[in-house]
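Work through the exercises below with the structure open. Each task is followed by a solution in steps.

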Amino acid sequence: MKKKQIAILGSTGSIGTQALQVIEEHPDLYEAYALTANNRVELLIEQARRFQPEAVVIANEAHYATLKAALADLPIKVYAGTDALCQIVESQPIDVVLTAMVGYAGLRPTMNAIRAGKAIALANKETLVVAGELINELARQYHTPILPVDSEHSAIFQCLEPGNALSKVILTASGGPFRQLSREELAHVTKVQALKHPTWSMGAKITIDSASMMNKGFEVIEAKWLFGVQPEQIEVVVHPQSVIHSMVEFEDGAVKAQLGVPDMRLPIQYAFSYPRRLPLSGGRLDFMKCRELTFEAPDLQRFRNLALAYEALHQGGNLPCIVNAANEVVVAAFLADRISFLGMSDIIEQAMQRIPFVAQPTYEDYVATDAETRQKAAEWIR
Ligand code: NDP
Ligand code: MG
């Protein structure tokens, strides 16, 4: 059988490295066709030597010479720059593109991959937050499947029943490291504290988003576009044990959940193997050890980002794009100790109020909105 050819956008990140582990578990089924990174050139070199892909792309062109020289003895094509990254996904042999790069930068390559008819294993949720409507329209036009990698959305996807409509999706949230802090305490938390997630080990940006609940806000938006549900059909439930990865409710009231140990390799592998399930090494859920599963409502006063994301989803247009761009700027500033934890929501709210609203944005509108929001948000932080 022909091996599935996989392109991993962001192979040096948390999702990217775990995707390579999945490929290693099933060398008879999967092959890394292309690997891409931004700055971690040494790791990319190591991965290229190990997995022998057809091509590698480093988005930051400053690392091109290093990468090229290090792989000179191998028949691997080496490219640099964002245009090359956007083009590589179109390569004829590729079957699946795993979008595991972080942020708005994932939008353009994802659009190209859809147009080229590649199945999308979607980790880069920012793409759906910014331009969900456009992405869905393209996927419909080019008959391209979009398979969720985000654990909550994979859980929901695993619960779906063909022909049976959902009345609700229930996204679980761990609540992050600051779940029990008061607003006064939240005012003084540091990036070191925010980077310690209780249940998941992830890249820096999504870890901050999880601490601020923006990640859950983005997942609400992501759920709308993936599953065609309305904002009022999407409920967030804080479930600190992260055993239930998410749930669906059907019209007769039946609720289905997907449970498991927190391990992103499962949703990554499922996106590769769907509709089949494959063996996967690793921990198994031991119910004798999970003595209690608890649930609480999210606190939208303390975690305003979640309320802002719902608001953006309700209003639609380019508002989610504004929220995403402002969030990328404030998270970078928080990681550079240039803004406080609560200050992040202030800037995002300001952006939502002051950046011009576009009700039915085109791709060009998203590009313009993203650029303007980044520029203004950076000015407001100074
Ligand atoms: P990481 O920060 O660990 O990795 C990001 C990857 O993207 C790296 O390979 C990085 O390259 C690359 N990258 C960053 N910026 C650019 C750019 N401008 N152009 C090209 N490549 C770039 O992130 P995660 O793996 O944690 O997250 C990736 C995506 O998956 C995010 O959208 C996140 O929301 C989503 N996700 C992640 C989960 C997780 O468990 N980690 C769970 C659910 C969703 P380099 O390292 O070389 O600089
Ligand atoms: Mg998630």
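This is a predicted model: local features need pLDDT of at least 70, side-chain atom pairs count only at pLDDT 80 or more; totals for chains, interfaces and linings use all residues.

**Exercise 1.** Find in which order the strands of the seven-stranded open sheet lie, and which strands stand at its edges.

*Solution.* Start with the order, which is β4-β3-β2-β1-β5-β6-β7, with parallel pairing. Next look at the ends: β4 (77–80) and β7 each have a single partner strand, so one side of each is left without a neighbour in the sheet. From one strand to the next the twist averages 20°. Then take one pair: β3 (residues 55–58) and β4 run parallel and are joined by four bridges. Within this pair, Ile 58 has Ala 80 in β4 as its bridge partner.

**Exercise 2.** State which strands of this sheet helix α12 touches.

*Solution.* Helix α12 (residues 265–273) packs on the sheet and touches β1 (4–9), β2 (30–37), β5 (96–99), β6 (119–122) and β7. The direction of α12 makes about 155° with that of β7.

**Exercise 3.** Describe the open sheet of four strands.

*Solution.* The order is β9-β8-β10-β11, and the pairing is mixed. The edges are β9 (234–238) and β11 (255–259); each has a single partner strand, so one side of each lacks a neighbour in the sheet. Here the twist averages 20° from one strand to the next. For an antiparallel pair, take β8 (residues 166–173) and β10 (residues 244–250), which share four bridges. Val 169 stands opposite Val 248 in β10.

**Exercise 4.** Decide whether α14 is roughly parallel or antiparallel to α15, and describe their contact.

*Solution.* First take the geometry: α14 (residues 319–335) and α15 (residues 343–354) pack at about 150°, with axes 9 Å apart. Angles over 145 degrees count as roughly antiparallel, so α14 is roughly antiparallel to α15. Their crossing is right-handed. Now list residues: those of α14 in the contact include Leu 319, Ile 322, Asn 327 and Phe 334, and those of α15 include Met 344, Ile 347 and Met 352. By class, the contact holds twelve nonpolar residues, one polar residue and no charged residues.

Conventions. Residues are numbered from 1 along each chain as its sequence is written. Chains are lettered from A and ligands numbered from 1 in the order in which they are written. Side-chain values use heavy atoms; hydrogens and water are left out. Two strands pair if DSSP finds at least two bridges between them. Helices (H or I, at least four residues) and strands (E, at least two) are DSSP runs, numbered from the N terminus. Axes are lines fitted to C-alpha atoms, for helices over the stretch in contact, and angles run from 0 to 180 degrees between N-to-C directions. Angles under 35 degrees count as roughly parallel, over 145 as roughly antiparallel, 65 to 115 as roughly perpendicular and the rest as oblique. A crossing is left-handed if the near helix is turned anticlockwise from the far one by less than a right angle, and right-handed if clockwise. Contact means heavy atoms within 4.5 Å. Ala, Val, Leu, Ile, Met, Phe, Trp, Tyr, Cys and Pro count as nonpolar, Asp, Glu, Lys and Arg as charged, and the others, Gly among them, as polar.
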